[in-house]
Amino acid sequence: MEASLSSLNSYPNSEKNSYPNSEKSLTIEYVRETLIPILIEHLNKAKGYLSNNHADNDEADELTTEMEKLRKDLIFIKQVFTGLDTFEKSTSDLFKVLQQPEHSLKQLLEPPGRQTRFHEPLAKQFKPKLGVLGEVIIKLKLLLPSPHKLLLDRSSTFQLSSIHSGGDEHLNRLLGLQSSEVFYKSQAFKDFQDVYNSLGVTAKLCLLSFSVFPANEVLKKSRLVHWWVGEEILYPPVDGETVEEIADGIFKDLAVKGCIEPVKKKRRSDVHSFKMHPLIRSAVIRLAKDVEFLDFDDKGRLTTEFSKSYRACLVSDSELVGSQLKSAKKTQVEITAELEKLQTIFNVNDSYPNFSQMEWSKLKNVKVLYLGRWHSRAKHHIELVDSKFLEALVFMTRLRFLSLRGISGIMELPDSLCKLVCLKILDLGACHNLEVLPKKISLLKKLTHLDMSECYLLDRMPKGIALLSKLEVLKGFIIGDPKKHTSCTLHDLSGLQKLKKLTINTSREDFPNEEELTVLQGFGSLQKLTIAWGGVEFLANRQNKHRKQDNVGAQPKTASTTDASGGNRKEDDANGIQNHVPKTPARSLTFKRGAILAPRIREHFEALEKLDLQCYPHMKAPTWLTPGMLKKLEKLYIRGGQLQSLGQVQESDKWTVEILRLKFLRELKMDWNDLQSAFPKLNYVEKFRCPKTTFFPCDETGVWLKPGN
């Protein structure tokens, strides 16, 4: 370690005295011939240190890649600066920022006797400095003549927005593109305006909505689409297109034109998330402010002002109405008039939303109430100061989208919520304290999306869910003890023929039984099905079962014992399945070996495109998990559980699956050649912690891609 740090300090003597007085203006020639080479040398030495001391560290690899991009940018700027004699003042100011000790890489490259920071995580050492360097480079590019400008170069992938949170006012003023006249008069901004003007009205509104979120923030498509549907930016399907298909077209158009960047996971071809580059976001903020889509201050920060945009943002430490009264010095009458025009309330980063001064009766035109998490960071805490506000939702008769995702402290939803007759999307995901859903939920006749995923304290479903005839997405539906007749069952849902996506959580090992399987196959529009086995009741049932089996094992053994289902227990023990196959009536076993109902099953499962099985409790695959039963299946995910094989496949009946993900399957035994024979159309395979699979040609991340993809 000391040797490597010592080698980092082997600078030429000229460098130690290369920085002039900070008050002196730096010439283009000095920047080009002296400072840029020094910065390149710093990056080279930092890359060498990471390669020698953190070769197997993923974070180090990411930092090394970032350093290489910055190094190439500096080389490019050096070449373009050759012959330039203007822009000296702006260039001088930018490089003076880099000379400040807190932003220089040189401090990290001091000899062992003087440096004390290498005990800190790599991110804390390098990311802030690389972030500042990245923003300075963006600013330098804006100074370059148009033919040399790299308008949409995404060389900096760090969260650059966090740089402005420090106390360096000079740095904030210098690097804040939102308030920079240099930026807005640049050819880069004019070029982006041309791109914006080429978009249709709907695509423009969708693009402007990205201004709410920090730069480089990874955003799930579904969260954005729900907002757009709520505001009616996206209208109901026309000409056979679904809302999702319309949205996909908009995302694709914005990505092709360089407005947003697709975020892919592990080389997958499908894209579910996007992000926006800091430079692009600065331009979008300016446009959003100009057209009054949202209100921003001079530094590009969202405010609680909504008198022009009719969209209110909840920001940290600000009351929606209280801040209006204080900052704008408006009267209560004026605020009330504006509240009546309000259409969207969006929680940007307020962990404790406070509605103590809100006149709920005036919010009759609100269409979107997005109070919950819009990102996927579970550690971000949101808690309502007073959950009694839920009773006041009764006034929002035009509300179309309500998100309470990830909000703590909500134990019960009142029946007054069921008076939201226009509600289409209800997102209750990750409400960990939620125990009871409203009994009158059937009154939400227009509901198309109901998300109850990760609501771990829910143990029953109200019967009214079965009457939501327009439901297309149902996530977190709970199937527990069939003796609890007050809970909605899967059979009750059989009338929901518009259902496209269904996620089920069950505590029963025997799920799905014959009747339930028939119901699942009867959903003619169902395209995506997820079944997750688990929960407290599930674990308790397994423990009780094992205790009974242990007691039976302690009794004198006979040559052969027949269990209640007619099976041969001794034979089952020999096959190693006694502890994993639930006892079911003989009729059910006949069905599972069933060949009688097979034709009907195949017919009703033909629409299913994606199947996700989580923590499957048996060693043998379900008999319905066959190519003949799932002829249109494109994606198969199996994660966790006791599964030993994917079953037998006939030579004349192969899988149509293109994407296969296998995770945490310790007992799964499979050879790569056998897999390819059974799944001839595979394009993507992901394998993680499946130790008994053999000869899978996956890379270090556990991914295999078909050659040519």
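Which residue follows helix 11, and is its phi positive or negative? Helix 11 is followed by glutamate 232, whose phi is positive, near 65°. The structure is a predicted model, in which local features need pLDDT of at least 70 and side-chain atom pairs count only at pLDDT 80 or more, while totals for chains, interfaces and linings use all residues. Residues are numbered from 1 along each chain as its sequence is written, and side-chain values use heavy atoms, with hydrogens and water left out.

Helices (H or I, at least four residues) and strands (E, at least two) are DSSP runs, numbered from the N terminus. Helix 11 spans residues 221-231 and is mostly covered, as ten of its eleven residues are buried. Here buried means under 20% relative accessible area, exposed means over 50%, and partly exposed lies in between (1.4 Å probe, protein chains only). Among the buried residues of helix 11 are Leu224, Trp227 and Trp228.

In helix 10 (residues 201-208), the buried residues are Ala203, Cys206, Leu207 and Leu208. The cover over these residues includes helix 9 (187-197), helix 11, helix 12 (243-256) and helix 13 (278-290); contact means heavy atoms within 4.5 Å.

Lysine 379 is found between strand 6 (368-370) and strand 7 (382-383). Because its relative accessibility is 84%, lysine 379 counts as exposed. Its C-alpha atom is separated by 9.5 Å from that of glycine 406, 27 residues apart along the chain.

Aspartate 459 lies in the loop between strand 11 (449-451) and strand 12 (473-479). With a relative accessibility of 48%, aspartate 459 counts as partly exposed.
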